[in-house]
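Hello,

Here is the model we talked about handing over. Please load it first; my notes follow below.

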Amino acid sequence: MLDMKYIRENLDEVEQRLRTRGGESYLDEFKRLDLARRTLLLESEQLKARKNVVSDEIGKVKDKSLVQDKILEMREVSNEIKAVDERLKQEDEELQNLLLTVPNVPHPATPVGRSENDNVLVRTWGEPQELPFAAKPHWDLGEDLGILDFECGAKITGARFTLYRGAGARLERALINLMLDLHTDTHGYMEVLPPFMVNRDSMQGTGQLPKFEDDLFKMVDPEYFLIPTAEVPVTNIHRGEILKKSDLPISYCAYTPCFRREAGSYGKDTRGLIRQHQFNKVEMVKFVHPSESDAALETLTGHAEKVLQMLDLPYRVMALCSGDIGFSAAKTYDIEVWLPGQSCYREISSCSTFGDFQARRASIRFREDEKGKPEFVHTLNGSGLAVGRTLVAILENYQQEDGSVLVPPALRPYMGGLERISR
RNA sequence: GGAGAGAUGGCCGAGUAGGUCGAAGGCGCUCGCCUGCUAAGCGAGUAUACUGGGAAACCGGUAUCGAGGGUUCGAAUCCCUCUCUCUCCGCCA
(Lines give C-alpha, C1' and ligand atoms only; values in the text may rest on other atoms or scores of the structure.)
Protein backbone atom coordinates (compact mmCIF):
# COMPACT_ATOMS: atom_id res chain seq x y z
CA MET A 1 0.00 0.00 0.00
CA LEU A 2 1.20 3.47 -0.82
CA ASP A 3 1.35 6.31 1.66
CA MET A 4 -1.80 8.40 1.37
CA LYS A 5 0.02 11.57 2.25
CA TYR A 6 2.75 10.88 -0.27
CA ILE A 7 0.19 10.33 -3.00
CA ARG A 8 -1.67 13.49 -2.07
CA GLU A 9 1.47 15.59 -2.18
CA ASN A 10 3.03 13.96 -5.24
CA LEU A 11 0.02 13.01 -7.28
CA ASP A 12 1.50 13.60 -10.72
CA GLU A 13 4.77 11.88 -10.04
CA VAL A 14 3.09 8.83 -8.51
CA GLU A 15 0.62 8.62 -11.35
CA GLN A 16 3.39 8.83 -13.91
CA ARG A 17 5.50 6.14 -12.30
CA LEU A 18 2.52 3.84 -11.90
CA ARG A 19 1.73 4.26 -15.58
CA THR A 20 5.05 2.67 -16.48
CA ARG A 21 3.46 -0.56 -15.33
CA GLY A 22 1.02 -0.19 -18.18
CA GLY A 23 -2.71 -0.44 -17.92
CA GLU A 24 -5.18 1.91 -16.41
CA SER A 25 -4.84 5.05 -14.43
CA TYR A 26 -5.01 4.36 -10.75
CA LEU A 27 -5.45 7.69 -9.10
CA ASP A 28 -8.37 9.46 -10.78
CA GLU A 29 -10.65 8.42 -7.95
CA PHE A 30 -8.13 9.20 -5.29
CA LYS A 31 -8.40 12.99 -5.31
CA ARG A 32 -12.17 12.96 -5.02
CA LEU A 33 -12.36 10.36 -2.24
CA ASP A 34 -9.53 11.88 -0.29
CA LEU A 35 -11.13 15.31 -0.26
CA ALA A 36 -14.60 14.00 0.56
CA ARG A 37 -13.24 11.95 3.39
CA ARG A 38 -11.28 14.76 4.96
CA THR A 39 -14.21 17.16 4.78
CA LEU A 40 -16.50 14.72 6.54
CA LEU A 41 -13.84 13.87 9.06
CA LEU A 42 -13.46 17.49 10.03
CA GLU A 43 -17.21 17.88 10.40
CA SER A 44 -17.50 14.79 12.53
CA GLU A 45 -14.63 15.75 14.78
CA GLN A 46 -15.95 19.22 15.41
CA LEU A 47 -19.30 17.81 16.46
CA LYS A 48 -17.62 15.31 18.72
CA ALA A 49 -15.46 17.96 20.32
CA ARG A 50 -18.57 19.92 21.21
CA LYS A 51 -20.31 16.83 22.52
CA ASN A 52 -17.35 16.00 24.73
CA VAL A 53 -17.20 19.46 26.22
CA VAL A 54 -20.91 19.68 27.01
CA SER A 55 -21.11 16.12 28.30
CA ASP A 56 -18.31 17.01 30.65
CA GLU A 57 -20.31 19.96 31.96
CA ILE A 58 -23.35 17.77 32.46
CA GLY A 59 -21.25 15.35 34.42
CA LYS A 60 -20.23 18.03 36.87
CA VAL A 61 -23.78 19.03 37.71
CA LYS A 62 -25.40 16.99 40.47
CA ASP A 63 -29.01 17.92 39.79
CA LYS A 64 -29.64 16.75 36.26
CA SER A 65 -32.95 18.56 36.05
CA LEU A 66 -30.96 21.78 35.74
CA VAL A 67 -29.35 20.62 32.50
CA GLN A 68 -32.26 18.93 30.78
CA ASP A 69 -32.01 21.35 27.87
CA LYS A 70 -28.36 20.48 27.34
CA ILE A 71 -29.08 16.77 27.46
CA LEU A 72 -31.75 17.17 24.84
CA GLU A 73 -29.47 19.27 22.69
CA MET A 74 -26.70 16.69 22.91
CA ARG A 75 -29.14 14.01 21.93
CA GLU A 76 -29.55 15.92 18.68
CA VAL A 77 -25.82 16.35 18.25
CA SER A 78 -25.33 12.67 18.88
CA ASN A 79 -27.72 11.84 16.07
CA GLU A 80 -25.97 14.24 13.74
CA ILE A 81 -22.67 12.57 14.52
CA LYS A 82 -24.14 9.20 13.70
CA ALA A 83 -25.30 10.43 10.32
CA VAL A 84 -22.00 12.07 9.43
CA ASP A 85 -20.02 9.04 10.58
CA GLU A 86 -22.14 6.80 8.43
CA ARG A 87 -21.23 8.77 5.33
CA LEU A 88 -17.62 9.04 6.46
CA LYS A 89 -17.40 5.30 6.85
CA GLN A 90 -18.55 4.77 3.28
CA GLU A 91 -16.08 7.21 1.80
CA ASP A 92 -13.31 5.79 3.95
CA GLU A 93 -14.02 2.24 2.90
CA GLU A 94 -14.01 3.24 -0.72
CA LEU A 95 -10.70 4.98 -0.30
CA GLN A 96 -9.16 2.04 1.53
CA ASN A 97 -10.37 -0.36 -1.11
CA LEU A 98 -8.89 1.85 -3.77
CA LEU A 99 -5.54 2.06 -2.00
CA LEU A 100 -5.42 -1.70 -1.52
CA THR A 101 -5.73 -2.24 -5.24
CA VAL A 102 -3.08 0.27 -6.28
CA PRO A 103 0.21 -1.51 -7.03
CA ASN A 104 3.61 -0.49 -5.77
CA VAL A 105 5.53 2.29 -7.44
CA PRO A 106 8.43 0.83 -9.46
CA HIS A 107 11.92 1.41 -8.11
CA PRO A 108 13.89 4.06 -10.02
CA ALA A 109 16.29 1.31 -11.08
CA THR A 110 13.55 -0.82 -12.59
CA PRO A 111 13.82 -0.58 -16.37
CA VAL A 112 10.76 0.87 -18.05
CA GLY A 113 9.03 -1.50 -20.43
CA ARG A 114 5.76 -3.10 -21.35
CA SER A 115 6.25 -6.84 -21.23
CA GLU A 116 8.73 -9.58 -20.53
CA ASN A 117 10.32 -8.82 -23.88
CA ASP A 118 11.61 -5.60 -22.37
CA ASN A 119 13.33 -7.28 -19.44
CA VAL A 120 17.03 -6.57 -19.24
CA LEU A 121 19.75 -9.20 -19.15
CA VAL A 122 22.00 -8.56 -16.15
CA ARG A 123 24.46 -11.46 -16.31
CA THR A 124 24.82 -15.08 -17.29
CA TRP A 125 26.59 -17.88 -15.50
CA GLY A 126 27.78 -21.16 -17.01
CA GLU A 127 27.57 -22.38 -20.57
CA PRO A 128 24.17 -23.38 -21.89
CA GLN A 129 25.12 -26.70 -23.37
CA GLU A 130 23.58 -28.31 -26.38
CA LEU A 131 23.73 -32.03 -25.74
CA PRO A 132 25.45 -34.23 -28.33
CA PHE A 133 22.29 -36.31 -28.65
CA ALA A 134 18.58 -35.64 -28.85
CA ALA A 135 17.83 -34.10 -25.49
CA LYS A 136 14.61 -35.19 -23.86
CA PRO A 137 12.29 -32.92 -21.95
CA HIS A 138 12.00 -33.79 -18.28
CA TRP A 139 8.51 -35.21 -18.56
CA ASP A 140 9.78 -37.94 -20.85
CA LEU A 141 12.86 -38.52 -18.70
CA GLY A 142 10.80 -38.63 -15.52
CA GLU A 143 8.23 -41.04 -16.90
CA ASP A 144 10.83 -43.28 -18.54
CA LEU A 145 12.80 -43.48 -15.30
CA GLY A 146 9.63 -44.14 -13.33
CA ILE A 147 10.27 -41.25 -10.94
CA LEU A 148 7.53 -38.86 -12.08
CA ASP A 149 3.95 -40.09 -12.52
CA PHE A 150 1.74 -37.41 -13.98
CA GLU A 151 -1.19 -39.68 -14.67
CA CYS A 152 -1.31 -40.95 -11.16
CA GLY A 153 -1.26 -37.39 -9.83
CA ALA A 154 -4.18 -36.60 -12.09
CA LYS A 155 -6.05 -39.65 -10.83
CA ILE A 156 -5.48 -38.83 -7.16
CA THR A 157 -6.37 -35.19 -7.49
CA GLY A 158 -6.52 -33.69 -10.97
CA ALA A 159 -4.55 -31.96 -13.69
CA ARG A 160 -1.33 -30.24 -12.63
CA PHE A 161 -0.70 -32.56 -9.72
CA THR A 162 2.15 -35.06 -9.81
CA LEU A 163 3.19 -38.16 -7.90
CA TYR A 164 6.94 -38.47 -7.35
CA ARG A 165 8.28 -41.98 -6.86
CA GLY A 166 11.49 -43.48 -5.49
CA ALA A 167 14.59 -41.56 -6.53
CA GLY A 168 12.36 -38.73 -7.76
CA ALA A 169 10.82 -38.21 -4.34
CA ARG A 170 14.23 -38.53 -2.76
CA LEU A 171 15.73 -36.04 -5.18
CA GLU A 172 13.09 -33.46 -4.33
CA ARG A 173 13.75 -33.96 -0.63
CA ALA A 174 17.51 -33.82 -1.16
CA LEU A 175 17.19 -30.49 -2.94
CA ILE A 176 15.11 -29.04 -0.12
CA ASN A 177 17.74 -30.08 2.40
CA LEU A 178 20.64 -28.82 0.33
CA MET A 179 19.01 -25.42 -0.06
CA LEU A 180 18.02 -25.06 3.58
CA ASP A 181 21.46 -26.13 4.77
CA LEU A 182 23.14 -23.61 2.48
CA HIS A 183 20.97 -20.70 3.53
CA THR A 184 21.10 -21.46 7.24
CA ASP A 185 24.71 -22.63 7.61
CA THR A 186 26.41 -20.38 5.05
CA HIS A 187 24.13 -17.43 4.36
CA GLY A 188 22.95 -16.80 7.92
CA TYR A 189 19.20 -17.24 7.60
CA MET A 190 17.04 -18.58 10.40
CA GLU A 191 14.99 -21.53 9.28
CA VAL A 192 11.29 -21.38 10.05
CA LEU A 193 8.49 -23.80 9.31
CA PRO A 194 5.27 -21.79 9.05
CA PRO A 195 1.61 -22.73 8.70
CA PHE A 196 0.65 -23.62 5.13
CA MET A 197 -2.74 -21.98 5.51
CA VAL A 198 -3.19 -18.34 6.42
CA ASN A 199 -6.03 -15.97 7.19
CA ARG A 200 -7.26 -13.01 5.17
CA ASP A 201 -5.23 -10.44 7.07
CA SER A 202 -1.99 -12.19 6.19
CA MET A 203 -2.91 -12.39 2.51
CA GLN A 204 -3.72 -8.71 2.52
CA GLY A 205 -0.47 -7.90 4.31
CA THR A 206 1.69 -9.21 1.50
CA GLY A 207 -0.59 -8.04 -1.29
CA GLN A 208 -2.29 -11.19 -2.62
CA LEU A 209 -5.63 -9.85 -1.41
CA PRO A 210 -7.95 -8.22 -2.19
CA LYS A 211 -6.97 -8.15 -5.84
CA PHE A 212 -5.88 -11.70 -6.61
CA GLU A 213 -8.32 -13.90 -4.76
CA ASP A 214 -8.96 -15.93 -7.93
CA ASP A 215 -5.37 -17.14 -7.92
CA LEU A 216 -5.71 -18.71 -4.48
CA PHE A 217 -7.08 -21.93 -3.07
CA LYS A 218 -9.54 -21.01 -0.39
CA MET A 219 -11.08 -22.87 2.52
CA VAL A 220 -14.64 -21.85 3.28
CA ASP A 221 -15.12 -22.69 6.94
CA PRO A 222 -13.05 -21.40 8.51
CA GLU A 223 -11.96 -18.94 5.86
CA TYR A 224 -8.33 -19.82 5.34
CA PHE A 225 -6.19 -19.70 2.23
CA LEU A 226 -3.54 -22.16 1.11
CA ILE A 227 -0.32 -20.23 0.77
CA PRO A 228 0.86 -19.51 -2.79
CA THR A 229 4.37 -18.94 -1.43
CA ALA A 230 6.10 -18.97 1.95
CA GLU A 231 6.50 -15.22 1.51
CA VAL A 232 2.99 -14.85 2.93
CA PRO A 233 3.28 -16.59 6.30
CA VAL A 234 6.91 -15.63 6.82
CA THR A 235 6.52 -11.92 6.06
CA ASN A 236 3.49 -11.89 8.33
CA ILE A 237 5.53 -13.21 11.25
CA HIS A 238 6.11 -9.59 12.20
CA ARG A 239 2.77 -8.14 11.12
CA GLY A 240 1.66 -5.41 13.51
CA GLU A 241 4.99 -5.27 15.30
CA ILE A 242 7.45 -2.52 16.09
CA LEU A 243 10.90 -4.05 15.82
CA LYS A 244 14.06 -2.86 17.47
CA LYS A 245 16.53 -1.28 15.11
CA SER A 246 19.13 -3.65 16.49
CA ASP A 247 16.96 -6.59 15.37
CA LEU A 248 17.51 -5.64 11.74
CA PRO A 249 18.24 -7.14 9.36
CA ILE A 250 16.10 -10.21 10.01
CA SER A 251 16.60 -13.09 7.59
CA TYR A 252 14.35 -16.13 7.45
CA CYS A 253 14.30 -19.07 5.12
CA ALA A 254 11.53 -21.60 4.92
CA TYR A 255 10.57 -24.68 3.00
CA THR A 256 6.89 -24.94 2.19
CA PRO A 257 4.67 -26.39 -0.45
CA CYS A 258 2.97 -23.68 -2.49
CA PHE A 259 -0.54 -23.79 -3.87
CA ARG A 260 -1.70 -21.81 -6.87
CA ARG A 261 -4.87 -21.91 -8.88
CA GLU A 262 -3.01 -20.84 -12.02
CA ALA A 263 -6.26 -19.32 -13.20
CA GLY A 264 -5.92 -17.92 -16.67
CA SER A 265 -2.95 -20.06 -17.56
CA TYR A 266 -4.91 -22.88 -19.19
CA GLY A 267 -3.00 -24.33 -22.06
CA LYS A 268 0.31 -22.93 -20.83
CA ASP A 269 2.99 -25.40 -19.76
CA THR A 270 0.50 -28.23 -19.56
CA ARG A 271 3.20 -30.88 -19.70
CA GLY A 272 5.61 -31.68 -16.95
CA LEU A 273 6.43 -30.04 -13.66
CA ILE A 274 6.80 -26.44 -14.73
CA ARG A 275 3.35 -25.21 -13.77
CA GLN A 276 1.70 -27.18 -10.99
CA HIS A 277 -1.10 -26.41 -8.57
CA GLN A 278 1.15 -27.65 -5.78
CA PHE A 279 4.90 -27.31 -5.76
CA ASN A 280 7.72 -27.08 -3.27
CA LYS A 281 9.80 -24.01 -2.72
CA VAL A 282 12.50 -22.78 -0.38
CA GLU A 283 11.96 -19.09 0.24
CA MET A 284 14.19 -16.41 1.68
CA VAL A 285 12.60 -13.40 3.40
CA LYS A 286 14.36 -10.33 4.75
CA PHE A 287 13.30 -7.38 6.89
CA VAL A 288 15.84 -4.60 6.58
CA HIS A 289 16.51 -0.97 7.39
CA PRO A 290 15.30 1.20 4.48
CA SER A 291 18.84 2.30 3.72
CA GLU A 292 19.90 -1.33 3.28
CA SER A 293 17.24 -2.64 0.95
CA ASP A 294 18.94 -1.98 -2.36
CA ALA A 295 22.08 -3.79 -1.29
CA ALA A 296 20.03 -6.55 0.32
CA LEU A 297 18.34 -7.33 -2.98
CA GLU A 298 21.73 -7.94 -4.57
CA THR A 299 22.94 -10.27 -1.83
CA LEU A 300 19.61 -12.06 -1.69
CA THR A 301 19.78 -12.70 -5.41
CA GLY A 302 23.33 -13.92 -4.95
CA HIS A 303 22.15 -16.41 -2.36
CA ALA A 304 19.68 -17.87 -4.81
CA GLU A 305 22.32 -18.01 -7.54
CA LYS A 306 24.64 -19.89 -5.22
CA VAL A 307 22.31 -22.89 -5.28
CA LEU A 308 22.53 -23.11 -9.05
CA GLN A 309 26.30 -22.70 -8.92
CA MET A 310 26.60 -25.57 -6.47
CA LEU A 311 24.56 -27.72 -8.80
CA ASP A 312 26.53 -26.42 -11.79
CA LEU A 313 23.39 -25.39 -13.65
CA PRO A 314 23.75 -22.60 -16.23
CA TYR A 315 21.51 -19.60 -15.67
CA ARG A 316 20.98 -15.95 -16.41
CA VAL A 317 19.71 -13.08 -14.29
CA MET A 318 17.09 -10.75 -15.72
CA ALA A 319 15.99 -7.38 -14.35
CA LEU A 320 12.25 -7.30 -14.82
CA CYS A 321 10.84 -4.21 -16.49
CA SER A 322 8.10 -2.01 -15.07
CA GLY A 323 5.42 -3.78 -17.06
CA ASP A 324 6.44 -7.23 -15.80
CA ILE A 325 7.07 -6.81 -12.08
CA GLY A 326 4.52 -8.07 -9.61
CA PHE A 327 1.84 -6.05 -7.87
CA SER A 328 3.73 -5.51 -4.62
CA ALA A 329 7.27 -5.37 -6.02
CA ALA A 330 9.36 -2.28 -6.61
CA LYS A 331 12.23 -4.13 -8.28
CA THR A 332 12.66 -7.76 -9.25
CA TYR A 333 15.39 -10.01 -10.56
CA ASP A 334 14.33 -13.26 -12.13
CA ILE A 335 16.84 -16.06 -12.27
CA GLU A 336 16.30 -18.29 -15.28
CA VAL A 337 17.89 -21.71 -15.55
CA TRP A 338 18.89 -23.30 -18.83
CA LEU A 339 16.74 -26.26 -19.88
CA PRO A 340 18.36 -28.17 -22.77
CA GLY A 341 15.35 -30.46 -23.11
CA GLN A 342 13.31 -27.45 -24.16
CA SER A 343 16.18 -25.29 -25.43
CA CYS A 344 15.19 -22.30 -23.35
CA TYR A 345 15.72 -20.47 -20.11
CA ARG A 346 12.97 -20.88 -17.51
CA GLU A 347 12.34 -18.86 -14.39
CA ILE A 348 13.52 -20.71 -11.30
CA SER A 349 13.72 -17.87 -8.81
CA SER A 350 12.25 -14.43 -8.41
CA CYS A 351 13.94 -12.00 -6.02
CA SER A 352 12.18 -8.78 -5.17
CA THR A 353 12.36 -5.74 -2.99
CA PHE A 354 9.06 -4.29 -1.91
CA GLY A 355 10.31 -1.13 -0.27
CA ASP A 356 7.83 -0.23 2.44
CA PHE A 357 4.81 -1.38 0.41
CA GLN A 358 4.23 -4.62 2.30
CA ALA A 359 5.42 -3.16 5.59
CA ARG A 360 2.78 -0.46 5.35
CA ARG A 361 0.02 -2.98 4.57
CA ALA A 362 1.14 -5.29 7.34
CA SER A 363 2.29 -2.53 9.68
CA ILE A 364 5.83 -3.75 10.27
CA ARG A 365 7.90 -0.98 11.77
CA PHE A 366 11.03 -0.11 13.71
CA ARG A 367 12.36 2.89 15.60
CA GLU A 368 15.44 4.69 14.40
CA ASP A 369 16.02 5.96 17.96
CA GLU A 370 14.58 4.77 21.23
CA LYS A 371 12.39 7.86 21.30
CA GLY A 372 11.88 8.17 17.58
CA LYS A 373 8.73 7.70 15.58
CA PRO A 374 8.15 4.21 14.27
CA GLU A 375 9.12 3.90 10.61
CA PHE A 376 8.32 1.17 8.15
CA VAL A 377 10.95 -1.45 7.45
CA HIS A 378 11.66 -2.65 3.95
CA THR A 379 10.84 -6.23 3.04
CA LEU A 380 12.41 -8.48 0.44
CA ASN A 381 12.06 -12.04 -0.63
CA GLY A 382 13.29 -14.48 -3.17
CA SER A 383 12.99 -18.11 -4.08
CA GLY A 384 16.02 -20.07 -3.15
CA LEU A 385 14.86 -21.97 -5.19
CA ALA A 386 11.70 -23.37 -6.68
CA VAL A 387 12.40 -27.02 -5.91
CA GLY A 388 10.33 -28.70 -8.62
CA ARG A 389 11.86 -26.58 -11.33
CA THR A 390 15.33 -27.28 -9.95
CA LEU A 391 14.59 -30.98 -10.26
CA VAL A 392 13.51 -30.33 -13.84
CA ALA A 393 16.78 -28.53 -14.53
CA ILE A 394 18.80 -31.40 -13.09
CA LEU A 395 16.97 -34.02 -15.12
CA GLU A 396 17.40 -32.09 -18.35
CA ASN A 397 20.98 -30.91 -17.83
CA TYR A 398 22.35 -34.11 -16.36
CA GLN A 399 20.63 -36.53 -18.70
CA GLN A 400 22.77 -39.09 -20.48
CA GLU A 401 22.35 -40.59 -23.91
CA ASP A 402 21.09 -43.85 -22.40
CA GLY A 403 18.27 -42.02 -20.61
CA SER A 404 19.83 -42.15 -17.18
CA VAL A 405 20.52 -39.01 -15.16
CA LEU A 406 23.70 -38.26 -13.21
CA VAL A 407 23.28 -36.90 -9.74
CA PRO A 408 25.19 -33.60 -9.31
CA PRO A 409 28.10 -34.21 -6.91
CA ALA A 410 26.89 -31.62 -4.41
CA LEU A 411 23.65 -33.55 -4.07
CA ARG A 412 25.06 -37.04 -3.61
CA PRO A 413 25.49 -36.81 0.16
CA TYR A 414 21.82 -36.06 0.34
CA MET A 415 20.99 -39.02 -1.92
CA GLY A 416 22.67 -41.68 0.14
CA GLY A 417 25.66 -41.56 -2.18
CA LEU A 418 23.64 -42.31 -5.29
CA GLU A 419 25.53 -41.19 -8.40
CA ARG A 420 23.12 -42.03 -11.14
CA ILE A 421 19.38 -42.41 -11.51
CA SER A 422 18.53 -45.11 -13.97
CA ARG A 423 15.69 -47.38 -14.80
C1' G B 1 -16.97 -31.61 20.83
C1' G B 2 -18.26 -30.26 26.42
C1' A B 3 -17.20 -26.96 31.01
C1' G B 4 -14.86 -22.71 32.91
C1' A B 5 -11.37 -18.27 33.06
C1' G B 6 -9.39 -14.31 30.59
C1' A B 7 -7.92 -10.29 26.63
C1' U B 8 -5.90 -2.80 29.43
C1' G B 9 0.13 1.29 27.15
C1' G B 10 7.30 -1.64 25.26
C1' C B 11 6.42 -5.31 29.46
C1' C B 12 3.88 -6.43 34.21
C1' G B 13 -0.46 -4.88 36.37
C1' A B 14 -4.73 -1.59 38.93
C1' G B 15 -9.39 -0.02 37.54
C1' U B 16 -16.28 -3.05 36.33
C1' A B 17 -22.69 0.08 41.60
C1' G B 18 -21.04 4.59 33.84
C1' G B 19 -18.67 11.06 34.19
C1' U B 20 -12.71 13.90 37.71
C1' C B 21 -9.41 7.46 32.97
C1' G B 22 -5.40 7.97 27.54
C1' A B 23 -6.00 5.41 31.69
C1' A B 24 -2.99 4.36 39.12
C1' G B 25 1.39 1.70 40.38
C1' G B 26 5.78 -1.00 39.04
C1' C B 27 9.55 -2.46 35.43
C1' G B 28 12.08 -0.91 31.18
C1' C B 29 13.77 3.22 28.32
C1' U B 30 15.33 8.67 27.43
C1' C B 31 17.16 13.36 29.36
C1' G B 32 18.94 16.13 33.57
C1' C B 33 20.89 16.27 38.72
C1' C B 34 23.86 13.90 42.29
C1' U B 35 27.78 10.39 43.74
C1' G B 36 35.70 11.29 41.80
C1' C B 37 34.18 4.75 38.68
C1' U B 38 29.95 1.13 39.30
C1' A B 39 25.52 0.45 42.09
C1' A B 40 21.95 3.18 44.63
C1' G B 41 19.26 7.99 44.87
C1' C B 42 16.47 12.51 43.04
C1' G B 43 13.63 15.20 39.12
C1' A B 44 11.32 15.32 34.35
C1' G B 45 9.74 12.72 30.17
C1' U B 46 8.17 8.18 27.75
C1' A B 47 1.58 4.95 22.96
C1' U B 48 -0.42 4.93 18.03
C1' A B 49 -3.29 6.64 13.94
C1' C B 50 -5.89 10.34 11.58
C1' U B 51 -6.66 15.50 11.40
C1' G B 52 -6.55 21.52 11.83
C1' G B 53 -2.87 25.55 12.27
C1' G B 54 2.59 26.60 11.71
C1' A B 55 8.59 27.29 7.66
C1' A B 56 9.80 24.69 12.00
C1' A B 57 10.06 23.84 17.16
C1' C B 58 5.34 23.23 18.49
C1' C B 59 0.14 24.08 19.68
C1' G B 60 -5.04 22.20 19.07
C1' G B 61 -8.98 18.34 17.77
C1' U B 62 -10.75 13.21 17.19
C1' A B 63 -10.30 8.09 17.83
C1' U B 64 -8.18 3.78 20.13
C1' C B 65 -8.41 -0.30 27.13
C1' G B 66 -8.93 -7.93 21.73
C1' A B 67 -12.58 -6.76 17.12
C1' G B 68 -17.45 -5.16 15.57
C1' G B 69 -22.28 -3.44 16.93
C1' G B 70 -25.92 -1.50 20.77
C1' U B 71 -27.81 1.42 25.25
C1' U B 72 -26.67 6.62 27.11
C1' C B 73 -26.02 13.65 27.11
C1' G B 74 -21.59 10.58 28.50
C1' A B 75 -18.74 3.57 28.39
C1' A B 76 -12.25 0.47 29.72
C1' U B 77 -16.65 0.08 32.92
C1' C B 78 -23.69 -2.06 31.03
C1' C B 79 -25.85 -5.34 26.72
C1' C B 80 -25.17 -8.40 22.03
C1' U B 81 -22.02 -10.87 18.32
C1' C B 82 -17.25 -12.50 16.92
C1' U B 83 -11.91 -13.61 17.39
C1' C B 84 -7.92 -15.21 20.17
C1' U B 85 -5.45 -17.15 24.71
C1' C B 86 -5.40 -20.29 29.08
C1' U B 87 -7.31 -24.50 32.37
C1' C B 88 -10.13 -29.14 32.85
C1' C B 89 -12.79 -33.32 30.28
C1' G B 90 -13.37 -36.02 25.60
C1' C B 91 -11.00 -37.23 20.88
C1' C B 92 -6.56 -37.55 18.06
C1' A B 93 -1.07 -37.71 14.56
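Start with one residue pair: Leu121 has Met318 in β10 as its bridge partner. Strands count as paired if DSSP finds at least two bridges between them. Helices (H or I, at least four residues) and strands (E, at least two) are DSSP runs, numbered from the N terminus.

Some ground rules. This is a predicted model, so local features need pLDDT of at least 70 and side-chain atom pairs count only at pLDDT 80 or more, while totals for chains, interfaces and linings use all residues. Residues are numbered from 1 along each chain as its sequence is written, chains are lettered from A and ligands numbered from 1 in the order in which they are written, and side-chain values use heavy atoms, with hydrogens and water left out.

The eight-stranded sheet

The order is β1-β10-β11-β12-β15-β9-β8-β4. The sheet is open and its pairing is mixed. β1 (120-125) and β4 (190-192) stand at the edges with a single partner strand each, so one side of each has no neighbour in the sheet. Neighbouring strands are turned by 25° against each other on average, direction ignored. Axes here are lines fitted to C-alpha atoms, for helices over the stretch in contact; angles run from 0 to 180 degrees between N-to-C directions.

Helix α10 packs on this sheet. It touches β1, β9 (278-288), β10, β11 (331-339), β12 (344-353) and β15 (378-386). Its direction makes about 10° with that of β15. Contact means heavy atoms within 4.5 Å. α12 lies across β9, β11, β12 and β15, and runs at about 40° to β15.

How many bridges join β11 to β12? Nine, and the two strands run antiparallel. Asp334 has Ser350 in β12 as its bridge partner. The hairpin of β11 and β12 has four residues between the strands, and Ser343 there takes a positive phi near 50°. β12 also pairs with β15, antiparallel, over three bridges.

What is buried

Buried means under 20% relative accessible area, exposed over 50%, and partly exposed in between (1.4 Å probe, protein chains only). Eight of the 10 residues of β12 are buried. For helix α12 (residues 387-397) the count is 11 of 11, so the helix is largely enclosed by the rest of the structure. Its buried residues include Arg389, Glu396 and Asn397.

Val307 lies in helix α10. Its relative accessible area is 0%. It touches Leu178, Met179, Leu182, His183, Gly384 and Leu385, leaving out residues up to four places away in sequence. Val307 and Met179 are 128 residues apart in sequence but 6.7 Å apart in space, C-alpha to C-alpha.

The three-stranded sheet

This open sheet runs β7-β13-β14, with mixed pairing. β7 (242-244) and β14 (374-376) stand at its edges with a single partner strand each, so one side of each is left without a neighbour in the sheet. The twist averages 45° from one strand to the next. Strand β13 (residues 365-367) is joined to β14 by three bridges, antiparallel. Arg367 stands opposite Pro374 in β14.

The second largest pocket

This one holds about 390 Å³ of space. Its lining has 20 residues; Leu2, Arg17, Asn104, Val105 and Asp356 lie nearest the centre. α10 (293-310) and α11 (357-362) each supply at least two lining residues. By class there are nine nonpolar, six polar and five charged residues.

- Pocket: on a 1 Å grid over the protein atoms alone, an open set of points where a 1.4 Å probe fits, with protein on both sides within 12 Å along at least five of seven lines; lining residues have an atom within 4 Å of a point.
- Volume: the space filled by probe spheres set on the points, which are joined across faces, edges and corners.
- Classes: Ala, Val, Leu, Ile, Met, Phe, Trp, Tyr, Cys and Pro are nonpolar; Asp, Glu, Lys and Arg are charged; the others, Gly among them, are polar.

Backbone points to check

- Leu209 and Pro210 are joined by a cis peptide bond, omega about 5°. Pro210 sits in the loop between α8 (200-206) and β6 (225-226).
- Gly384 and Leu385 are also joined by a cis peptide bond, omega about 5°. Leu385 is in strand β15.
- Arg160, not a glycine, has a positive phi near 70°. At 14% relative accessibility it counts as buried.
- Glu262, not a glycine either, has a positive phi of about 55°. It lies in the loop between β8 (250-259) and β9.

Best wishes
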